[in-house]
Amino acid sequence: SQSIRMNNCRFGPTFGSDICVRDRCNVTNSTLSIGCAYEIPPEQNKQTFLTGRLDFRVAEIEVFSVSQHNNRKRDASTSQLQHDTEPFETIIFDDNFSEAMKAVLKTEQRMLTETNKDLRKLRNAFEQEKGFIRFFVLGETMDIINFNVSGELMSINKATLNLFKESVLAKQFNDTNWAKEERPAYASELVKKWDPNEVTKWILSINGLSADASKILNESKINGAELLTLNCETLKLFGITRPATLSLLTEEVKELRKEGDYRGSVLIEQSAYCFGKILDHLRLRAMCHALQDPTPLPPPAIDEPHQKRFKRIVEFYFPGNSDAFE
């Protein structure tokens, strides 16, 4: 009925004679007596049902605007679309709000809009970072190609070589050919399988190692995997503190790891300087690819004495894409 809601310039929200919120309701008592225009549950007191007493003061009022839009359906098929369109950014506040309230709401709307933009940027950056990690970090050991370039060790991801699928390097290490080749096991992988007795034999083969240090290591029953992790600090924990002995053992362990790297690498008899520049340029391209950055890359900076040799090496390994390095 019409008495359910009433408008009066001397009152705030008024619902029949049941709820009367007066002007300056935070300092003036308003009244409550449910039961005329509205019903209350059975066995409830109409004067205490909502606020606990007949008169009350209002601490806060929340205002809601109810509207209908034909294009805002609530079924599951469009709920995600509504979320993505972020309708709050385009809401227009009508004249039912005071100017002060509209100013507050517009400020909040602007702040939320800016926050949403920042959130989208962060989300895009996160997705790019995930792609970067997948490209450079994830994968099996077989995805890493080790080169021995005239005595200098270099490594690169196989996916990075495949940026130029028709290049000599990419074809050499494509999945079919690379899988069929019988590659020697890394020496470090073999060392990991050593038992304490084999580690003891290796320790006894070290020239110049003191008897005390040999005894400490032999009594510790170290296996091959543990041996490869030894460094200066861990050796001190075993009780080996003599500086010269520490230096000798750490160098021997380092050489043991390096021997595995050399044995498992592919020999490239080219200039290490020029070949390293090629791999660096490929890594930079791979990074831009992972980050979806279309910015053209500058050519590698090559010292003048190496420029002719660099060009010949590029033309040999990348016969159809040499212009990518220019």
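Mentor: Start with one word. Buried means under 20% relative accessible area, exposed means over 50%, and partly exposed lies in between, using a 1.4 Å probe and protein chains only. This is a predicted model, in which local features need pLDDT of at least 70 and side-chain atom pairs count only at pLDDT 80 or more, while totals for chains, interfaces and linings use all residues. Residues are numbered from 1 along each chain as its sequence is written, and side-chain values use heavy atoms, with hydrogens and water left out.

Trainee: Which residues of helix H7 are buried?

Mentor: First, the labels. Helices (H or I, at least four residues) and strands (E, at least two) are DSSP runs, numbered from the N terminus. An α-helix has 3.6 residues a turn, so residues three or four places apart point the same way. Now look at H7, residues 196–204: Val199, Trp202 and Ile203 are buried. Seen down the axis of H7, these residues fall within an arc of 100°, so they line one face of the helix. The arc is taken from the directions from the helix axis to the C-beta atoms.

Trainee: What does the face of H7 turned away from the buried side carry?

Mentor: That face carries the exposed residues Asn197, Lys201 and Leu204.

Trainee: Which residue caps the N-terminal end of H7?

Mentor: Learn the contact rule first. A polar contact is a pair of N or O atoms within 3.5 Å; within protein, one must be able to donate a hydrogen and the other to accept it, and residues adjacent in sequence count only if both atoms are side-chain atoms. Asp195 is the cap: a side-chain oxygen lies 3.1 Å from the backbone nitrogen of Asn197. The side chain of Asn148 reaches the backbone nitrogen of Gly151 at 2.8 Å. Asn148 counts as buried, at 14% relative accessibility.

Trainee: How do I read a sheet?

Mentor: Strands of a sheet pair through backbone hydrogen bonds, either parallel or antiparallel. Two strands pair if DSSP finds at least two bridges between them. Here, an open sheet of four strands has the order E1-E2-E3-E4, with antiparallel pairing. Its edge strands are E1 (11–15) and E4 (55–56), each pairing on one side only. Two bridges join E2 (residues 19–22) to E3 (residues 30–32). Ile19 has Leu32 as its bridge partner in E3.

Trainee: How many aromatic pairs are there?

Mentor: Rings of Phe, Tyr and Trp (its six-membered ring) pair if their centres lie within 6.5 Å; planes under 30 degrees apart count as stacked, over 60 as edge-to-face and the rest as tilted. The whole structure has six aromatic pairs. In one of them, the rings of Phe164 and Phe318 have centres 5.6 Å apart and planes at 80°, so the pair is edge-to-face. Those two residues are 154 residues apart in the chain. Phe318 also pairs with Phe325, and that pair is tilted: 4.9 Å centre to centre, 45° between the planes. Both Phe318 and Phe325 are buried.

Trainee: Which residues of the largest nonpolar core touch the most other members?

Mentor: In soluble globular proteins, nonpolar side chains tend to be buried together. A nonpolar core is a set of buried Ala, Val, Leu, Ile, Met, Phe, Trp, Tyr and Cys residues joined through side-chain atoms within 4.5 Å. The largest one has 25 residues, and Phe147, Phe275 and Leu282 touch the most other members. H12 gives this core its largest share, six residues.
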